[in-house]
Amino acid sequence: MRINKKFSKGISYSLILSSIFTFFFVFLEFNNYAIRRDEWFHLKLINSSINYESILEILKARIPFTLFAKFLNYISFNIFDSLTVLRISSAFFGILIFTLFSIYKLNINKPLLAIKEMYLYFPFVALLIISLSGQRDGMLSLLTIGLYNLENNSLKALSLVLITLLRPHLSIAYLLGLILTKYNYFKNKIIFFLLPITLGSICVFFITLYFNKFLGLGFVGFSLLKFIETFFYVFGFGFLLAPDSPSLGLENTISIGKEFLFLSRIISPAVFIVPYLSIKKLITKINFRDKNLNKLSLCFSSYLIYTSFCTTFGFSSARQQLPLLLALSFIYKHNKNS
């Protein structure tokens with residue numbers, strides 16, 4: 001695989017920015033904020049050994065991110081506490097994604113245009129939040145970007161395996177999207193949008209049926225309301241239909257004000273602009289012999305399927321959708337420039 005100058009430059013800048021970020025974290029106590037629930041979960045993972053006794057335990061261990069954090073702790077000679085290592089690991093991938101998008105996709109010689117395109121086509125607010133959250137999402141997003149953008153099949157296969165270890169249903173969405181794109185079901189404009197969501201909802205129905213029958217986990221399963229709700233989540237406005245207080249099971253709920261979430265869409269509108277522009281591009285210029293357009297079709301089909309997964313299971317959010325949103329941003333920006 002050929003490594004070009006832009007990629008090398010992106011890695012170099014990311015390492016420099018990560019070092020600066022580490023300085024702020026450690027010496028200026030920038031990371032002195034409350035520990036979130038998911039951070040506690042990841043802290044337990046990096047402070048314990050991995051259980052390989054069952055597939056379920058392996059998937060719970062989130063091995064790629066856990067090993068990266070442990071490796072970072074090792075090469076830093078254990079001078080940081082576990083929480084700082086966890087947050088640095090999370091931030092590193094966010095910085096890497098931001099710099100790679102800036103170098104690959106933006107014209108830094110035209111700063112005003114670059115700022116405009118960053119505002120419209122890159123979900124920077126969501127990326128910032130997950131980068132500060134001390135979780136797997138940054139690594140997962142980078143791997144997802146690679147899965148849908150890389151040309152090397154070996155690297156794509158490796159990315160798919162690592163994604164499966166971090167979030168299995170994201171890999172399932174990729175495989176289903178690959179099937180839909182392979183057989184080119186998108187000649188009909190209505191089927192183009194409905195079929196992936198329908199397929200995702202049907203798959204979730206059978207998965208929840210299995211869980212309820214054999215494992216007794218109490219998933220809610222498919223309903224017409226959730227099918228409709230999926231369309232709102234595709235464009236980042238599903239929170240408008242979510243209840244404000246937690247409910248039983250895995251129902252979609254929000255813990256912060258809807259006003260704040262709506263404001264965040266204005267500050268970073270890529271959450272709804274990129275899906276809309278992807279639909280527009282695919283409907284108006286369908287040509288599956290175009291390799292980049294084919295990537296956009298595959299990624300957007302997976303995005304629709306994955307969104308239906310998340311909505312039906314009851315944990316839809318911009319954070320859940322961010323890996324595929326970022327992948328769409330990279331692909332769409334390339335198509336826009338081509």
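1. Basis. The model is predicted; local features need pLDDT of at least 70 and side-chain atom pairs count only at pLDDT 80 or more, while totals for chains, interfaces and linings use all residues. Residues are numbered from 1 along each chain as its sequence is written, and side-chain values use heavy atoms, with hydrogens and water left out.

2. Overall content. The protein has 16 helices and 0 strands, taken as DSSP runs numbered from the N terminus (helices H or I, at least four residues; strands E, at least two). Of its 338 residues, 48% count as buried; buried means under 20% relative accessible area, exposed over 50% and partly exposed in between, with a 1.4 Å probe and protein chains only. Among contacts (heavy atoms within 4.5 Å) with a separation of 6 or more, 71% come from residues 24 or more positions apart.

3. Helices H5 and H7. Helix H5 (residues 82–105) packs against helix H7 (residues 124–131) at an angle of about 155°, with the axes 8 Å apart. Axes are lines fitted to C-alpha atoms, for helices over the stretch in contact, and angles run from 0 to 180 degrees between N-to-C directions. H5 contributes Arg87, Ser90, Ala91, Gly94, Ile97 and Phe98 to the contact, and H7 contributes Leu127, Ile130 and Ser131. These residues divide into 5 nonpolar, 3 polar and 1 charged, where Ala, Val, Leu, Ile, Met, Phe, Trp, Tyr, Cys and Pro are nonpolar, Asp, Glu, Lys and Arg charged, and the others, Gly among them, polar.

4. Aromatic rings. The whole structure holds 9 aromatic pairs, meaning rings of Phe, Tyr and Trp (its six-membered ring) with centres within 6.5 Å; planes under 30 degrees apart are stacked, over 60 edge-to-face and the rest tilted. Phe92 and Phe93 form an edge-to-face pair, because their ring centres are 5.3 Å apart and their planes stand at 80°. Phe92 is buried at 18% relative accessibility, and Phe93 is buried at 6%. Ring pairs also link Phe98, Phe101, Phe122 and Phe330 into a cluster.

5. Cysteines. A search of the whole structure finds 0 disulfides, defined as pairs of cysteine sulfur atoms within 2.5 Å. Cys299 is buried at a relative accessible area of 0%, and Cys310 is buried at 0%.

6. Arg62. Most residues other than glycine have a negative phi. Arg62 is not a glycine, yet has a positive phi of about 50°. Arg62 sits in the loop between helix H3 (55–61) and helix H4 (63–75) and counts as buried at 15% relative accessibility.
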